[in-house]
Amino acid sequence: MAMQSYSAPEGIPMQDNRAYTAQSVTVSMPDQKISDDIIFSTFSLHFCNICCLGFGAFYNSIKARDSRLLGDFPKARSYGAKARCLNIAAVIFGSIVMLIFLIILVKAYILAMSALEQIRDKLFLFYFILFYFICTCVAFGFLNTFH
């Protein structure tokens, strides 16, 4: 707990020109460490915004910070807890979606490469047959008859 002491001047003049003496007042305020996870929420908002979970987390983080500044600590704790849960959900779902996307991308690349290899093999076979046909025609003199 942070203890702060404030003292007032000895005589405070009032409207009726009498001086009143002031007493020193000690204000004790408990340290309120309420986590709003604003950095985590910003990360979730920009990189893991699946189903707007990142936006919800960012919104609750801002509300937690505002409530803390206004002195409503139970509401700030509530918003902070919601923000943390939404951040965790956003990162988990975002990671799963990213992993699925990566798996689909790798499978598509593998399928494309195998299809390209099959086309290349068929094309090689076509060129081989064409080359064989031309060589056979030249060998037997069939091409000279078309002139």
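This is a predicted model: local features need pLDDT of at least 70, side-chain atom pairs count only at pLDDT 80 or more; totals for chains, interfaces and linings use all residues.
**View 1. Overall chain, with 3 helices and 4 strands.** Of the 147 residues, 16% count as buried. The chain exposes about 12000 Å², and carbon and sulfur atoms supply 70% of that area. Among contacts with a separation of 6 or more, 52% join residues 24 or more positions apart.

View 2. The relative accessible area of Ser44 is 0%, under the 20% limit, so Ser44 is buried. Beyond its neighbours within four places in sequence, Ser44 is in contact with Asn49, Gly54, Asn87, Ala90 and Val91. Of these partners, Gly54 belongs to the H2 side of the H2 and H3 contact, and Asn87 and Ala90 belong to its H3 side.

**View 3. Packing of helix H2 against helix H3.** H2 covers residues 53-70 and H3 covers residues 73-140. Their axes lie 8 Å apart at an angle of about 160°. Angles over 145 degrees count as roughly antiparallel, and H2 and H3 are therefore roughly antiparallel to each other. The crossing of H2 with H3 is left-handed.

**View 4. Residues at the contact of H2 with H3.** H2 contributes residues including Leu53, Gly56, Ala57, Asn60, Ala64 and Arg68. By class, the contact has 11 nonpolar, 7 polar and 4 charged residues.

Technical notes: Residues are numbered from 1 along each chain as its sequence is written. Side-chain values use heavy atoms; hydrogens and water are left out. Helices (H or I, at least four residues) and strands (E, at least two) are DSSP runs, numbered from the N terminus. Buried means under 20% relative accessible area, exposed over 50%, partly exposed in between (1.4 Å probe, protein chains only). Contact means heavy atoms within 4.5 Å. Accessible areas come from the Shrake-Rupley method with a 1.4 Å probe; for residues, only the protein chains shown count as cover. Axes are lines fitted to C-alpha atoms, for helices over the stretch in contact, and angles run from 0 to 180 degrees between N-to-C directions. Angles under 35 degrees count as roughly parallel, over 145 as roughly antiparallel, 65 to 115 as roughly perpendicular and the rest as oblique. A crossing is left-handed if the near helix is turned anticlockwise from the far one by less than a right angle, and right-handed if clockwise. Ala, Val, Leu, Ile, Met, Phe, Trp, Tyr, Cys and Pro count as nonpolar, Asp, Glu, Lys and Arg as charged, and the others, Gly among them, as polar.
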